[in-house]
Amino acid sequence: MASGLAGLYNKLVQLLQTAPRGALSITGILGLALLVYGYLQLRDTNRAEQQRREQQARERQRLAGAKRVTLSIPGVLLAESSPAQLQESASVQLEALEAVREMARVSDVYLLAHVEDDVGEAVVAGALEAAGLLGAGAGQVAPHHLLCCSTLDGKVPIVRQLDPDLHVDGHAVSVDELKRFLPRLLLVREDAGSGSGGSGNVGLASSLRAFFGA
C-alpha cells in the first residue's frame with residue numbers, strides 16, 4: 001500500500017514538473033489536488049506502519065526470555081469468560097488477537113480453554129479458526145496447541161506439565177494456584193485499571209494491550 005502511494009506520488013510530481021507551461025491549467029489543479037491527497041495518504045500510512053513496528057518492539061521486549069507461553073483464553077482473548085457462555089458463542093477480541101499473533105511470532109504459544117463439553121470446544125476452535133489464529137504460519141498457533149479442559153481445576157496440571165516461562169490467565173484462582181510453580185504469570189482483569197502492575201512474579205493488567213504498553 002505504501003509503495004503504491006509512493007509510486008503515484010512520484011509520477012504526479014514528474015508530470016507536473018515536465019508539463020509545458022499552461023498545458024495543465026485545468027488538469028494541473030486536479031493533479032495538484034491528487035498530489036496533496038497522495039502525500040497525505042502516504043504520510044498516514046507510514047505513520048501507522050511506524051506505530052505498528054513500535055508496538056511490536058514493545059511486545060517483543062515484554063516477552064524477552066519467554067520461549068513458551070500458555071494463555072487461558074476465556075476473558076482474555078475471548079470476550080466470553082465462562083463455560084456456559086462458550087456453549088453459545090466465542091468472540092475473539094481484535095486487540096488481543098494482534099497481541100497473541102505477536103506472541104506466536106516470538107514464543108511457543110499454547111491456548112487453553114475451560115469448556116463444558118465437546119460443543120464448547122468446537123465453538124472455541126471455530127472462532128479461532130475464523131479469526132485466522134490457528135495454523136502453521138508466522139503469527140499463528142498450531143491447532144494441536146489449543147487445549148481444552150472440562151474443569152477449572154484441570155487447567156492447573158496442564159499448565160504445570162507444559163512448564164511455560166509465562167502464563168496468562170483471566171482467573172485469579174488459577175493464577176494463585178500456579179504462582180508457586182511458574183517463574184512469571186500475568187493476571188488479566190478489566191478492573192485492574194490502566195497500564196500494568198502486580199507484585200512478585202505475578203503481573204496485573206486490564207488487557208493484553210495494556211500489558212504490552214499500547
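**Charges and cysteines in a predicted model**

User: Which residues gather in a patch of negative charge on the surface?

Analyst: Quick caveat: this is a predicted model, where local features need pLDDT of at least 70, side-chain atom pairs count only at pLDDT 80 or more, and totals for chains, interfaces and linings use all residues. Numbering runs from 1 along each chain as its sequence is written, and side-chain values use heavy atoms, with hydrogens and water left out. A charge patch takes residues with over 30% relative accessible area and no salt bridge, joining like charges within 9 Å, and Asp and Glu count as negative. The negative patch on the surface is made of E116, D117, D118 and E121.

User: Is D118 buried or exposed?

Analyst: D118 sits in helix 5, residues 118-130 (helices are DSSP runs of H or I, at least four residues, numbered from the N terminus). Buried means under 20% relative accessible area, exposed over 50%, and partly exposed in between, using a 1.4 Å probe and protein chains only. D118 comes in at 62%, so the label is exposed.

User: How many disulfides does a search of the whole structure find?

Analyst: A disulfide needs a pair of cysteine sulfur atoms within 2.5 Å. The sulfur of C148 has its closest cysteine sulfur in C149, and at 7.4 Å that's too far for a bond. The search of the whole structure comes back with zero.

User: And C149, is that one buried or exposed?

Analyst: C148 is partly exposed, with a relative accessible area of 23%. C149 has a relative accessible area of 9%, so the call there is buried.

User: How many salt bridges does the count come to?

Analyst: The rule wants a side-chain nitrogen of Lys or Arg within 4 Å of a carboxyl oxygen of Asp or Glu. Among the pairs is D176 with K179, whose closest N and O atoms are 3.1 Å apart. By this rule the count is seven.

User: How many residues apart in sequence are the parts that E95 and R209 tie together?

Analyst: The side chains of E95 and R209 meet in a salt bridge at 3.8 Å, N to O. E95 belongs to helix 4 (residues 94-106) and R209 to helix 8 (residues 208-211), so the parts they tie together are separated in sequence by 114 residues.

User: Which residue does D191 meet in a salt bridge?

Analyst: D191 counts as exposed at 60% relative accessibility. The N to O distance is 2.8 Å, and the partner is R189.

Technical notes: Patch = residues over 30% accessible without salt bridge, like charges linked within 9 Å, V, L, I, M, F, W, Y side chains within 5 Å. Areas by Shrake-Rupley, 256 points an atom, 1.4 Å probe, with all protein chains shown as cover. Charge placed at Lys NZ, Arg CZ, Asp CG, Glu CD. Helix = DSSP H or I, 4+ residues; strand = E, 2+ residues; numbered from the N terminus.
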